[in-house]
Amino acid sequence: MGVEPEEWRTPSRQLLTLRRVEVGVSALVAAVVLALAGPTAYLAVGALVTAAIAWPLVGRRYRSWGYAEREDDLLVRRGVMFARLSVVPYGRMQFIDVTAGPLERAFGLATVRLHTAAAATDARIPGLEREEAARLRDRLAELGEAQAAGL
Amino acid sequence: MSPAPPESWHRLHPLSPVVRGGRATIAVAIILIPIAFGHDSFGRQVPQLGVIALIVLAGLVSWLVTRWRIEDDDLRIETGLIRRQSLRFPLAQVQAIDVVRPGLARLFRVAELRLRMAGSSGGTARLAYVAEHEVEPLRDELLALARGARHDESPTPAAEPEPAPPEEHVLAIVPTGPLVASILLENWWLVVIFVGLLIGLAVSPHTVAGLLAGSGFVWALSMATFVWRRFNQQYRLTVAEGPDGLHLRGGLVALTAEVIRPGRVQAVRLVEPALWRPLGWCRLEVDIAGRQRRKGEGEAQRGQLHALIPVGKRSLGLELVDRLLPDRPRELTRPPQRVVWKSPFRYRALSWGRSDTCVATTSGRLRRVTCWVPLEKVQSLRHVQGPVQRRLRLASVHVDTAGRAAHATLRDRDAGEAATALEELTDLARAARRRPALARADEVRDNAACSRSVGASARPA
């Protein structure tokens with residue numbers, strides 16, 4: 001793509017682990033429940049097979065995430081089926097929030113989300129290590145302030 | 001423009017609580033009628049009179065504790081008896097000033113001034129109500145102050161004389177017949193159901209007819225209010241060009257007047273519903289920051305953008321677009337042939353184009369939507385490629401603006417073209433943002449001045 005920067009930063013490897021744990025645990029739980037309470041044991045096998053199919057997709061999905069800080073804007077790419085690339089100028093950012101759910105916290109991760117005046121802007125970067133999230137937040141806030149443009 | 005010296009406090013019109021009460025006022029009047037003309041003994045009316053006295057007292061207190069004044073570059077409103085509120089509205093952030101006159105307000109010859117503020121949290125400053133003869137001068141004063149406040153931020157003061165006298169120049173008046181026809185044609189399915197109901201009523205046996213009539217009546221009532229609301233808002237809508245932007249006035253029962261400043265337009269949209277197209281009609285909508293606040297806005301407007309002309313000839317619509325966005329792209333390019341496989345219904349309508357300051361896109365299945373976005377207003381850009389698009393080597397680029405509904409999308413372009421477009425638009429938007437605001441304002445004014453002569457010939461047929 002034309003706006004491709006020299007280097008993409010990626011979320012932490014921990015995010016991949018987190019996603020795999022999510023898939024694995026939910027498949028195991030589903031399998032156990034189905035095996036005990038389901039009509040046939042085949043459903044439990046089905047749940048495990050689904051997880052096995054999903055396993056490599058989780059990896060691809062993880063690798064699709066990326067962000068790059070350019071001089072005037074932030075690039076965020078994501079998605080395997082629907083590949084998205086967002087360009088958010090620093091001057092347009094209204095606020096940035098950093099959130100961390102309980103699972104994310106357990107892995108020492110956080111999600112950085114950017115908001116502009118447009119509701120359609122959906123730039124978020126999940127699975128950043130906490131120091132990186134804080135650094136990015138401060139950096140973006142600083143750049144946003146410096147380049148702020150009126151509506 | 002020198003900052004105005006702090007004025008003394010003003011109060012609103014003494015009849016404000018009466019008008020603001022709206023239905024309550026009517027209810028009080030209804031209670032009062034039997035008391036005034038009835039022959040009941042006075043003693044029996046004490047409870048009712050007590051309630052009325054309370055309402056009147058509440059109104060009086062609310063009027064007494066509310067006051068406003070202009071302080072330097074701010075409008076300050078103080079209100080509240082127990083929970084005292086002091087609101088400060090910086091005039092530099094005013095997006096538009098509307099004059100609203102609901103039915104009761106017209107009866108008492110008062111009007112409300114609404115100042116729309118910028119910013120995502122931007123509320124609306126309301127001065128409800130001000131005497132009718134004071135409204136226009138006050139609005140002009142506030143607008144002048146707003147302009148002055150903005151210019152003070154730049155090094156050169158806005159001392160140059162106004163190029164034209166503040167008289168305005170009418171560009172279009174929406175005719176009533178086409179307005180009714182357009183509302184019905186756009187919502188043709190409502191009409192179809194309505195006629196179907198009538199026929200069903202005529203041919204069906206009595207028991208079923210009763211049911212039909214019952215449900216049909218409720219439904220017809222809601223439909224009628226919907227049509228009425230649009231009609232009421234857009235009745236004889238007049239678009240005029242003034243020194244500070246486009247002036248809009250209209251309404252049947254509730255009159256509204258507002259000013260749209262060219263620099264504040266986030267996006268412009270030309271909508272042509274399927275049944276309008278044979279007639280060559282269109283609706284022109286503008287999206288303005290701070291325009292779509294929920295509070296104090298009619299709920300009918302929520303999902304809809306603000307109509308600059310609710311119905312008019314396509315040529316008139318395009319002429320107004322030229323006025324708002326002088327540098328709109330003239331040449332639009334179609335997507336590649338293979339898009340038929342991905343968007344068979346939309347294929348014929350899709351196209352996009354750009355100039356150095358503006359991007360235009362067209363889309364729509366049955367109704368055509370053309371959307372213009374000035375690049376300086378672009379919030380973010382998104383490049384999206386779905387699985388089908390990937391197979392066909394296509395991609396879309398979304399241009400996000402601060403508006404809610406208007407959204408320009410370069411849908412289903414060749415993948416290479418989309419990537420280039422993303423890059424170009426990013427650069428152009430950056431350049432547009434950086435251009436000094438003052439130069440832009442002058443540009444617009446020059447353009448408005450030279451197109452003034454052209455406008456005279458354009459009237460709706």
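Biologist: How many residues of chain B are in contact with chain A?

Modeller: This is a predicted model. Contact here means C-beta atoms within 7 Å. On chain A, 26 residues take part; on chain B, the number is 25.

Biologist: Which element supplies the largest share of the side of chain B that touches chain A?

Modeller: β18 (380–385), β19 (394–400) and α12 of chain B each supply at least two residues. By class, this side has eight nonpolar, eleven polar and six charged residues. The largest share is seven residues, and it comes from α12(B).

Biologist: Which residue of β18(B) stands opposite A:Ser86?

Modeller: Strand β3 (residues 83–89) of chain A runs antiparallel to β18(B). Five bridges join the two strands. Opposite A:Ser86 stands B:Arg382.

Biologist: Which are the edge strands of the open sheet of seven strands?

Modeller: The strand order is β7-β6-β5-β11-β10-β9-β8 in chain B, with antiparallel pairing. An edge strand pairs on one side only. That gives β7 (124–131) and β8 (169–173) of chain B.

Biologist: What is the bridge partner of B:Asp98 in β6(B)?

Modeller: β5 (residues 94–101) and β6 (residues 110–117) of chain B pair in the antiparallel sense. Six bridges link them. For B:Asp98, the partner is B:Arg114.

Notes:
Residues numbered from 1 in each chain as written. Chains lettered and ligands numbered in written order. Predicted model: local features only at pLDDT ≥ 70, side-chain atom pairs only at ≥ 80, totals over all residues. Pairing = 2+ DSSP bridges. Helix = DSSP H or I, 4+ residues; strand = E, 2+ residues; numbered from the N terminus. Contact = placed C-beta atoms within 7 Å. Nonpolar A, V, L, I, M, F, W, Y, C, P; charged D, E, K, R; others polar.
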